[in-house]
Amino acid sequence: MAADLMEIDDSLYSRQRYVLGDCAMHQMARSSVFLSGMGALGVEIAKNITLAGVKAVTLHDTKLCETWDLGLNFFIRKDDVLSQRRRVEAVCPRVAELNPYVQVEMSSSPLDDNTDLSFLRKYQCVILTEASLNLLKRVNEFCHSQQPPIRFICCDSHGICVRVFCDFGEEFEVSDPTGEEPKEIFIQSISQDNPGVVTCMDNQPHGLQTGQSVIFREVVGMAELNATARQVSVISPYSFSIGDTSQFQPYLHGGFFLLVKTPKTYKFETLEQQLCDPQVLIPDFSKPEAPLQIHAAMVALDAFQEQNCRLPNVGCLQDAELLLKLTEEVNATLKNKAPVNAELVRCLSRTAKGTLPPLAAAVGGIASQEVLKAITGKFAPLQQWFYLDTIEVVRPLQALSVEEFIPRGDRYDALRACIGESMCRDLQALKVFMVGCGAIGCEMLKNFALLGVGLSKSSGEVCITDPDLIEKSNLNRQFLFRPHHIQKPKSTTAADATHDINPDLQIDARLHKVCPATESVYSDAFYTSQGVVVTALDNVEARRYVDSRCVSNQRPLLDSGTMGTKGHTEIIVPNLTESYNSHRDPPEEEIPFCTLKSFPSVIEHTIQWARDKFESAFFHKPSMYNSFWQMHPSAEVVLQRMQTGESLEGSFQVIKLLSRRPSRWEQCVAMARLKFEKYFKRKALQLLHCFPLDTRLKDGSLFWQSPKRPPAPIEFDLKDSLHFTFIISIARLFAGIYNIPYSEKDLTEEAVASILSDLKIPEYRPTEKCIETDESVKKPDQMKMPLSSEEEREAIAQLEGAIAADRASAAGLRMSPLLFEKDDDDNGHIDFVTSASSLRARMYSIQPADRLKTKRIAGKIIPAIATATAAVAGLVSLELIKVVGGYEFESFKNCFFNLAIPVVVLSETAAVKRTPIRNNIYFTIWDCWTIFGHEDFTLSDFMNAVREKYGIEPIMVVHGVKMLYVPVMPGHSKRLKLTMQKLIKPLADRRYVDLTVSFAPEADGDEDLPGPPVRYHFSPEDKAH
């Protein structure tokens, strides 16, 4: 199938579609890319753009595989080195395996100052790595002069420094500079004035910038604004002006506005023009002059190579001084200059022959995103240079002897040139525990393999765990997995693939979830045996749990995460930094129950409503039904107990399900039709009966005004494709939970029409039930609600009828709950949610969402792309080196980036806080006081021991949720004489427990003062451990 006609394979690309959008995806599938240089950077870019799904990529390289490459290129194997294969020949088939939709070709023709460049005209983007400055300038001039211009990117990695340069031509149009989805913001008021001022409802921030435009919809009163775009001038986070509204009708109520996405044109200069006046991105505001300093040093390095036909030698002082002299000369030519950084230049000289694989991975991720921008016009491009240095990694190593850094003829020579032999050995002896083997996990394992982390010969180990199996959608960014791995465990598959990169790694792959239930496996002793813990997780709760285990066991933790093009890294080091739990994101806002049930105003509300309906009808109720009949195995016994007046929890709901249980497909279709009537017609009629359109509140304002939308009942029409989809999808789900077979023929419109032609729809009669309008009221638990005597009588009658009709057989007392599965397009789950949500949106005049957007919101899918994943894993792995080296606080860097804008911000980690108790007694989150007791050690002994050892006596002692001693509690004073053994009742194998203590405040009436946890050991022998 031709790539440009290709329908997007959602089962593969779904997570990436939410990042780039279909227009950009189609654009990529029509684009060809030329990529030269198969070193550390080149192979990283090749991986990322192939996973992304370009039409074709030509990989170019002229070098042969060397042992050195094994530590840089994760697609070169020992056999490739022994058989003297070309790098491109080794890499090409392995890159091609990543994505069947991408044509991967190779070239080993010379590319130099004499090459005819006309062959590049067939490409939309050209990327050069490992090329001389003269060649870069020549190819860039050629690309820039074409009509339309060929987008040009070059990047280099030398030791501690990396650079990326982009030139996308004189006029490069970007359709969507940020990629952020515009939000509907409801309007509180619009003044009739010059200028008119718009105020947002409920102080919701509009997030606009002066000069942007918004479009208005559904405004009542000042209707002239509807469907028009207005340029805004920001007044406050919640208000903005829109020009003269003084001649318009006065604003009455309602309406919302949306940001209008406007294309933006970017102008680029050639490499030659930019060399003397570079436009740079500043990633680290603690050293804002660094990009210009690295620019001068790396351009000087280009000159050094040209003069000497080589890079500076490791540890050669003469080469370092020459490079410093060249840097000063280059710096003198710059229009904007920073003082030359001699330390940086000398470190660059010493490490230039080497490579830090994680640094190449990080900048490879950033450069790959620029390639995708170049061919799609999606997101703001880099203008025009990105520079990064990792001087913090090598600064503490400068005093080491030259012998530390010289080559030894193995796969780690490039790394050794940067960090020295001793640090390489420390990495090889490291024990790492990584939780999660998804996208970040795969990238981390690649970095571990290239760094030589956890080698068996050095008694190191990488322990990984992940309970998940591989799905097709994982293949788009979890690059260690292939189609034949689908439905195999992630951890063991990732371990095998990592061994292919570096067979010397010792990997222990497990399938556990890391949570309180597995603490017998991942015990304190386990954590204490690890050198570093790495999280590669996709949810906050799991991160919080692992963080708490690391804090209590004094282990460093490296955390990272991505969402679309955004990424973060956080480095947590015992006694130096705060922990992950030290900061809390604000909780996700819950949609009020009454909004979901009766008053939706935006599409998210109708999607959540449909998702809740699925959960209730097809998972929760069948699960409850099964649980009830497991507890009460006989319907006859239940009937007898109910007839004697006994109340059985859940009986009313269960008997209702039993009495209405269908046994044939036709009944499932009939139930579906009745659900349509209930959801999309009767609900609207009932609401309008309770609240007619002219209903007014106590203050005289209309009840039905923004954000409340009045519903309009929908008349069923089988010819409407949305109605038909709803009937079929919900009927299939009913058939699923009741184990009822059906055929393809049963799903045709004719078959459904035939069934429904005989169905009588009961006439609607309004009820006088109360409709909840209070947004603070939570959803009631139906199971816990008391039954009226009428409901009890009804349930008994229904159960008698079910028994008489022989419905209460063993098969009739079983249902099959359906677990919502968003990635299976054949199961009807997303069909139901999309059709139900769209019909409800239609009923409330809300703009519906397509299937793709519905799937993202209903499935809580986190948008993801390989470029961001590669970047975060690279940045985290750089920090791993610092952790292993025991570096000082100032060396560590957290990072936040958004590759779309693009912005990269490196910042210092948060220093650990010291909390005072009193009298110069402080503690931090990392402190844990210890008390060693014995068999007869009493609670009173414990309190005295804390006072004697730490200078302050606790007044309250708690173990988990059990209060051991609280002075004001009745009878607690008697506990002081009880032994700790008796009070705590530890399990036989428990040697210690962690207790929470607090101390008396200095002034009466103040709150008790918290302290660190106190680890109480039951036996004095533990001291020996």
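# Cavities, a pocket, helices and buried residues

Mentor: The count comes to two cavities of 30 Å³ or more, and it should be kept in mind throughout that this is a predicted model.

Trainee: What makes a set of points a cavity and not a pocket?

Mentor: A cavity is a set of points where a 1.4 Å probe fits but cannot get out, whereas a pocket is an open set. Rolling a probe the size of a water molecule over the atoms shows where empty space is left.

Trainee: How much space lies in the largest cavity, and which residues that line it are the closest to its centre?

Mentor: The largest cavity holds about 210 Å³ of space. Its lining comprises 22 residues, of which Leu-388, Asp-389, Thr-390, Lys-893 and Leu-906 come closest to the centre. Two or more lining residues come from each of α8 (290-308), β17 (385-389), α12 (391-394), α28 (866-884) and β24 (893-898), and α28 gives the most, with five residues.

Trainee: How does the lining of the largest cavity divide by class?

Mentor: Twelve of the residues in that lining are nonpolar, three are polar and seven are charged.

Trainee: What is the volume of the second largest cavity, and which residues line it?

Mentor: The second largest cavity has a volume of about 40 Å³, and its lining includes Ala-40, Glu-44, Phe-74, Pro-357 and Lys-446. At least two lining residues are supplied by each of α3 (40-52), α11 (357-376) and α14 (439-451), and by class the lining of this second largest cavity divides into seven nonpolar, one polar and two charged residues.

Trainee: Turning to the second largest pocket, what is its volume, and which of its lining residues are the closest to its centre?

Mentor: The volume of the second largest pocket is about 1,300 Å³. Of the 40 residues in its lining, Asp-524, Arg-549, Ser-552, Asp-994 and Arg-1015 are the closest to its centre. Among the elements that supply at least two residues each to that lining are α16 (524-528), α17 (540-552) and β31 (992-999), and the lining of the second largest pocket has eleven nonpolar, 17 polar and twelve charged residues.

Trainee: Why does Gln-16 count as buried?

Mentor: Gln-16 counts as buried because its relative accessibility is 1%, which is under the 20% limit. Gln-16 sits in helix α1 (10-20), and beyond its neighbours within four places in sequence its contacts include Met-25, Leu-51, Asn-476 and Ala-864.

Trainee: Why is Ala-864 called buried?

Mentor: The relative accessible area of Ala-864 is 8%, and because buried means under 20%, Ala-864 is buried. Ala-864 lies in the loop between α27 (851-858) and α28. Outside four places in sequence, Ala-864 is in contact with Arg-15, Gln-16, Val-19, Arg-477 and Gly-564.

Trainee: Why does Thr-518 count as buried, and what does it touch?

Mentor: Thr-518 has 14% relative accessibility and therefore counts as buried, given the limit of under 20%. Thr-518 is in the loop between β20 and α16, and, not counting residues up to four places away in sequence, it touches His-512 and Lys-513.

Trainee: Why does Gly-221 count as partly exposed?

Mentor: Gly-221 has 22% relative accessibility and so counts as partly exposed, a class that lies between under 20% and over 50%. Gly-221 lies in the loop between β10 (213-217) and β11 (229-231), and, leaving aside its neighbours within four places in sequence, it is in contact with Gln-249, Pro-250 and Leu-252. Gly-221 and Gly-255 are 34 residues apart in sequence, with a C-alpha to C-alpha separation of 9.8 Å.

Conventions. Residues are numbered from 1 along each chain as its sequence is written. This is a predicted model: local features need pLDDT of at least 70, side-chain atom pairs count only at pLDDT 80 or more; totals for chains, interfaces and linings use all residues. Side-chain values use heavy atoms; hydrogens and water are left out. On a 1 Å grid over the protein atoms alone, a cavity is a set of points where a 1.4 Å probe fits but cannot get out, and a pocket is an open set with protein on both sides within 12 Å along at least five of seven lines; lining residues have an atom within 4 Å of a point. Grid points are joined across faces, edges and corners, and a volume is the space filled by probe spheres set on the points. Helices (H or I, at least four residues) and strands (E, at least two) are DSSP runs, numbered from the N terminus. Ala, Val, Leu, Ile, Met, Phe, Trp, Tyr, Cys and Pro count as nonpolar, Asp, Glu, Lys and Arg as charged, and the others, Gly among them, as polar. Buried means under 20% relative accessible area, exposed over 50%, partly exposed in between (1.4 Å probe, protein chains only). Contact means heavy atoms within 4.5 Å.
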